[in-house]
Amino acid sequence: MRLFGKTTLSEFLGDNVVWRNLEPADPRLPGLSAAWREMGLEGPRVPRKAEPGYARAIVHLLRQAQALAAPGTGLSRLLYVGDTRLLDGTAYQNILEASGWPGLAFIAAEKLAEPPRMTREGSIFVANRWALLGDFVREAERAGLPLAPGTALVLDLDKTTFGARGRNDGAVDRARVDGVRETVADLLGPGFDQAAFDRAYGELNQPAYHAFTADNQDYLAYICVAIGAGMIAFDELLREVEAGRLRDFAGFLQAVEAQAERAEPRLAALHREIAARVAAGDPTPFKAFRRREYLATVARLGQLPDDAPPEVRLREEILITEEVREVALAARERGVLLFGLSDKPDEASTPTLEQAAAGMQPLHRVPTHAFGA
Ligand SMILES: [Mg+2]
């Protein structure tokens with residue numbers, strides 16, 4: 001494996017990218033809020049990746065994108081590349097069902113300690129090397145799914161097209177934790193205790209607490225704010241969760257409400273804002289945190305010099321997966337429709353209007369190094 005030059009996801013995806021809200025970066029493609037009826041959805045609620053509605057929206061977007069890119073050539077085949085068997089596998093199967101196209105999927109997580117292996121489960125190939133993507137493409141060709149006009153190549157972005165799972169995914173997580181830490185530090189000011197934050201975040205981020213946190217980073221970030229601000233003691237929180245008296249984030253908001261009202265005005269206002277968004281069903285209610293996550297992610301794209309040691313680069317910098325990039329460039333050359341899917345909240349992926357006016361770019365247009373076999 002080696003370092004390649006700096007590039008962007010838009011080199012091969014253009015603006016054929018959607019973040020969590022299913023609003024394409026290409027302004028010519030109407031997104032979910034405008035086109036949910038045409039997508040066959042029952043309303044403008046954004047479906048999550050494993051829901052059938054998500055696949056219906058994606059199939060609609062693929063057809064619209066194809067109509068722009070190659071009018072007169074309909075889509076008739078699907079290739080899907082991702083990093084998680086369950087989530088990507090489900091999204092892929094749902095897209096096949098919603099479209100009626102034949103397809104194949106490649107799901108990889110690098111495990112260099114094992115011998116290279118690719119196994120087939122139905123129409124899903126599961127590999128322990130990103131470099132096996134080339135073999136997958138040849139298998140697809142033999143199965144009548146060539147890189148040719150009429151094929152859609154759907155690329156999962158997070159931990160697939162950049163931050164490859166098993167190789168570089170830690171850098172993606174580090175950017176998110178940077179975002180949480182900077183948000184909490186900013187809100188607490190001089191009262192911020194880094195060691196106490198690391199202890200609380202490290203403990204509550206574990207799967208044992210997923211029933212309480214719903215594995216939701218917005219919730220976790222606010223819980224860390226509340227602990228740091230003294231609305232609830234960390235030990236008491238753990239006892240209450242253990243005893244089953246604190247079951248979920250809504251219960252947590254209630255439990256600290258009286259303390260939050262007595263906190264300084266900025267924290268009291270934040271508590272009210274988050275409580276209102278949670279009550280309205282917003283799964284990413286901590287907007288300030290997601291804005292910080294965007295900045296922290298941009299800060300980890302392409303930031304290291306060309307001569308940084310590889311192990312430092314793989315840990316610290318979010319890199320484009322060269323194996324995926326090469327297949328994507330070849331596919332683009334041969335008239336395949338490429339489309340990128342990200343589960344990142346839009347606030348964590350795109351600049352604000354002011355940031356955009358200052359020249360900041362959405363994540364798919366921020367240059368970083370490509371790295372791979
Ligand atoms: Mg992923």
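The model is predicted.

**Stop 1: α7 and α10**

Select helix α7, residues 194-204, and helix α10, residues 234-242. Their axes lie 11 Å apart, at an angle of about 15°. Angles under 35 degrees count as roughly parallel, and α7 and α10 are therefore roughly parallel to each other. The crossing of α7 and α10 is left-handed. Now show the side chains at the contact. From α7, pick R199, A200, E203 and L204. From α10, pick F234, D235, L237 and L238. Colour this α7–α10 contact by class: 5 residues are nonpolar, 3 are charged and none is polar.

**Stop 2: α9 and α11**

Move to α9, residues 217-228, and helix α11, residues 249-262. How do the axes of α9 and α11 cross? They come within 11 Å and cross at roughly 25°. By the cut-off of 35 degrees, α9 and α11 are therefore roughly parallel to each other. The crossing of α9 and α11 is left-handed. On the α9 side, select Y219, Y222, I223 and A226. On the α11 side, select F249, F252, L253 and A260. Colour by class again: the contact of α9 with α11 has 8 nonpolar residues, with no polar and no charged ones.

**Stop 3: the aromatic rings**

Show the rings of Phe, Tyr and Trp. The structure holds 12 aromatic pairs. Start with F192 and F197, whose ring centres are 5.9 Å apart. Their planes stand at 50°, so the pair is tilted. F197 has a relative accessible area of 5%, so F197 is buried.

Next, select Y222 and F286. Their aromatic pair is edge-to-face, with 6.2 Å centre to centre and 75° between the planes. Which parts of the chain does this pair of Y222 and F286 tie together? Y222 lies in helix α9, while F286 lies in the loop between α12 (265-279) and α13 (287-299). The pair therefore links parts that are 64 residues apart in sequence. Y222 counts as buried, at 0% relative accessibility. F286 counts as buried too, at 1% relative accessibility.

**Stop 4: T284**

Stay in the loop between α12 and α13 and centre on T284. Is T284 buried or exposed? T284 counts as buried, at 7% relative accessibility. Leaving out residues up to four places away in sequence, T284 touches R20, D218, R290, P345 and E347. Draw a C-alpha to C-alpha distance from T284 to E347: it reads 9.1 Å. In sequence, T284 and E347 are 63 residues apart.

**Stop 5: M231**

Finish in the loop between α9 and α10, at M231. M231 is buried, with a relative accessible area of 8%. Which residues is M231 in contact with, leaving aside neighbours within four places in sequence? Select Y222, A226, V256, Q259, A260, A263 and L267. Last, draw the C-alpha to C-alpha line from M231 to E261, which spans 9.7 Å. M231 and E261 are 30 residues apart in sequence.

Definitions and conventions. Residues are numbered from 1 along each chain as its sequence is written. This is a predicted model: local features need pLDDT of at least 70, side-chain atom pairs count only at pLDDT 80 or more; totals for chains, interfaces and linings use all residues. Side-chain values use heavy atoms; hydrogens and water are left out. Axes are lines fitted to C-alpha atoms, for helices over the stretch in contact, and angles run from 0 to 180 degrees between N-to-C directions. Helices (H or I, at least four residues) and strands (E, at least two) are DSSP runs, numbered from the N terminus. Angles under 35 degrees count as roughly parallel, over 145 as roughly antiparallel, 65 to 115 as roughly perpendicular and the rest as oblique. A crossing is left-handed if the near helix is turned anticlockwise from the far one by less than a right angle, and right-handed if clockwise. Contact means heavy atoms within 4.5 Å. Ala, Val, Leu, Ile, Met, Phe, Trp, Tyr, Cys and Pro count as nonpolar, Asp, Glu, Lys and Arg as charged, and the others, Gly among them, as polar. Rings of Phe, Tyr and Trp (its six-membered ring) pair if their centres lie within 6.5 Å; planes under 30 degrees apart count as stacked, over 60 as edge-to-face and the rest as tilted. Buried means under 20% relative accessible area, exposed over 50%, partly exposed in between (1.4 Å probe, protein chains only).
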